[in-house]
Amino acid sequence: MTRLLVRGGLSALALVTGIYLLLPVLVVVPTSFSASSFLKFPPEGLSTRWYQSFVDDPSWMDALSTSARVAVLSSVCSVVLGVLAALGLVRGRFPFRSGVTALVVAPIIVPYVIVGLSVYIAFLRLGLTQTTVGMVLVHTALAVPYVAINVASGLATFDRRLELAAMSLGAGPVATFFRITLPVIAPSVLAGAVFAFITSWDEVVVAIFLSGPDLSTLPVRMWSGVRVQIDPTVAAVSSLSLLATVGVFAGVGAAALARRWVRRHRAPLIVDLQGATS
Amino acid sequence: MTSTDAVTGAPIGIAGVTKRYADSVALDDVTLDVRGGEFLTLLGASGSGKSTLLNIIAGFLEPTEGAVSVDGRDITKVPPHRRGLGMVFQHYALFPHMSVADNVAFPLRRQKVARRDIPGRVRDALAVVQLEHLAGRRPSELSGGQQQRVALARAIVARPRVLLMDEPLGALDKLLREQLQLEIRRLHQELGITFVFVTHDQDEALAMSDRIALLRDGSIVQVGSPQSLYERPNCRYTAEFVGASNLFRGTADGGVLVDEVTGVRLRVPGTGRGAVCVLVRPERMHVGARDVTVPPDCDVAHGIVEDCIYLGSSRRVEVRLTGGRTVVLRTDVPRGGDEVRHGADVTVWWRVDDAAVLADDPAGTADPEPSGVLAAQH
C-alpha cells in the first residue's frame, strides 16, 4: 500500500517537474506561429510569416551561419583537446595531476560573465573580438571540460589489456589507438561532442562580449532582437533552435538504435567467408 | 595458403633477466632456454614473477637487465607489435566492438596480409577451435570458454612461431578448464610451435607441459619435465608446490635419518652427514594392519588412522604417526575391505627407493598448496 503511494507520488512529482521544465518551451512554439505583430500568448491567428521574416532577414541568416560554424568548429576542437586531456589525466603519471585536472575543469566553474569580460579585454588587444576564430577559441575552452569528463569516465572503465592484445597482434601505438581505444570509447567521445555542440550553440554570455555589428551568434542576435523590438521572429528562431537541439539528440539516439538493429539483423559473416573462398 | 604450411617453433633465450622496481625485485637474474616447439610452463605462486617474465618476453615490460632472444635474434629492444609472437590473456581481451571474425582478422589486417586471403585464413583458424559457426557473433554474445577459444584462434591466425599464454584458463570453471587443457595440448601438437604457458595451478602444469619452470620470489627454483619435478624435486619448495607430499626431516648420519618429530628411522643410503628432508609421495606409501609383514627394502612407521576418504578409484588415508606428524596416503581400495578405518592402529611403509632425499631449506614452505597437510607443523 505504502509502496503504491510512494510510487504514485514519485510519478506525479516527475510529471509536474516535466511540465514545469517544458511549459515555457512549449509556449514559444505556438507563439511563433502567431499572425499578430507582437509577442503574445496565446497567439492570435495562425501564420508562418515570422519564419519567413527570419529567412528573409540577412542579419538573422548571418547569425545562424555564425552559430553553426562556431558550434561545429568548437566541438571538433574541443573533442580533439578533450580526448587528449582525458588520456593524459587518466593515464599520465606526472606531478600536480590533480592541479591540472582542476585547470581543465575550471572553465565550467568560473562564472561565464568573468570569462566573457576577461576574454573581451584580452581579445580586444589581439583583435579577436567579433571574429569566428575568437569565438571558436572561447567556446572550445568552455566545452573541453565536458568532453574531458565524459571521455575520462569512458577511459576509466576501458580495459587496457585490449591495447596489449592489439600490440601483440601487430598493431603499433597509432593503429592501436585508432582501431581499438577510440572505437571502444566512442560513445563517451560522442556524448562529449554533443555536449560541446550544445554548449556553443546556446552560449550567450561570453558571446555577447565578443559580438558586435560585424559578427554575432544566433543567441546574441535573439537577445538584442528582444531588447530592440518585440517581434515574434524571436519566437520563430527559438522554435527552430529548439528543433536543432532536439534533432542532434534524436540523431544520436537514432544512430545508436540503427547500429543495434544492424548488428542484430546482419547476416552471419560466415556466409561472406564461404563466398570469398569458393 | 592454408594452415598446413610448415611453421616450426622458435627457441626463446632468456639470459640474465632482472626486473627491478623502485622498492622490489620482480625477477632476479633469470636464465632459461625454451626449446623450439616445446610446451613450457612457468609455474609459481602469485608474486613469483612468472607473469612478469611472460610480459618481458611479449615486450610489454622492459627488463632492467638481461636480454631476450627469439630464434637467436635479440628482441630486448623490439616493441611488442614487431615481435610477431601470439599472446592469449586470462580475460580473453577480445575487441568488444568487432565480430568474432573481425577479431580473428585483426592481426592479418595489421600485417598486411592480402585481402583475398583473409576470409579463408580466418575460417581456418576458427575451424581449429571449432567455432566457425559463431564468426558473425560479438564477443559479448559468447560464453567464457568460447571467448577464450576465439582468443586462441586470433593468437594463432598469423602463424606466430611462439604462443604466449598468461593464465588463459584462470577465469573458467573446472570442467571447462579441463576441456580446454586438452584442446590447448592438441593445438600444440598440431601447430608444432613453441608454447609458453603461465599458471599457478600445479595440476594444470603437470597435465599440459613438456617442461615446467618453477618460479619463486623472482627466481627459477627448478626446470624439468613434469615427472622429474614430481618425482625428483631438487628442494623442499618444489616438493611441496608440485603435488601433495609427506616430508620427514632431521640430521642424517651414517645413511640413516631419524625424523625429529616422530623418531621414525629412514634409510638414506649415500647421504652424507647433515640436515636433510625426505619426501615420500602419497601414492608411494602403503598402509596395513599393525601386525602386517613389511618387505625388507621398506621403511616403517606406525600411527592411528585419522581419516579415510573413499574416492572411487582410490582412497585417501590420513594417518597420525606416533609422535605427531600426519601423513597422507593414496592407495587402492582392497576388494574385501581391510582394517584401515577411522581410529585403527596401523602400519605405514614405503620402499626406500621411493623416498627422495632433499636439501632442507627451512624457509621453504610453499604458501598456495595446503593439500600437502603435514610437512613442518611443529
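**Entry 1: chain A, elements**

I began with chain A and found twelve helices and zero strands there. For this I took helices as DSSP runs of H or I with at least four residues and strands as runs of E with at least two, numbered from the N terminus. Read from the N terminus on, the order is α-α-α-α-α-α-α-α-α-α-α-α.

A note to myself on the source: this is a predicted model, where local features need pLDDT of at least 70, side-chain atom pairs count only at pLDDT 80 or more, and totals for chains, interfaces and linings use all residues. Residues are numbered from 1 along each chain as its sequence is written, while chains are lettered from A and ligands numbered from 1 in the order in which they are written.

**Entry 2: chain A, overall form**

Next I looked up the dimensions. The C-alpha trace of chain A spans about 70 × 60 × 55 Å along its principal axes. Its radius of gyration is 24 Å, whereas a compact globule of 278 residues would have one near 19 Å. That radius is taken over C-alpha atoms, and the globule rule is 2.2 Å times the number of residues to the power 0.38.

I then checked burial: 33% of the 278 residues of chain A count as buried. Here a residue is buried if 20 or more other C-beta atoms lie within 10 Å of its own, exposed if 12 or fewer, and partly exposed in between, with C-beta atoms placed from the backbone.

For contacts (C-beta atoms, placed from the backbone, within 7 Å), I took pairs in chain A at least 6 apart in sequence, and 72% of these join residues at least 24 apart.

**Entry 3: where A meets B**

How many residues does each chain bring to the contact? I noted 23 residues from chain A and 30 residues from chain B. On the chain A side, the elements giving two or more residues are α7 (161-168), α8 (173-201) and α12 (270-277). Of these, α7(A) gives the most, with six residues. The chain A side divides into 15 nonpolar, four polar and four charged residues. I counted Ala, Val, Leu, Ile, Met, Phe, Trp, Tyr, Cys and Pro as nonpolar, Asp, Glu, Lys and Arg as charged, and the others, Gly among them, as polar.

I located D71(B) in the loop between β4 (65-70) and β5 (73-74). D71(B) is partly exposed, because 16 other C-beta atoms lie within 10 Å.

E167(B), also not a glycine, has a positive phi near 40°. I found E167(B) in the loop between β7 (162-166) and α5 (174-191) of chain B. With 19 C-beta neighbours inside 10 Å, E167(B) counts as partly exposed.

How values were computed:
Contact = placed C-beta atoms within 7 Å.
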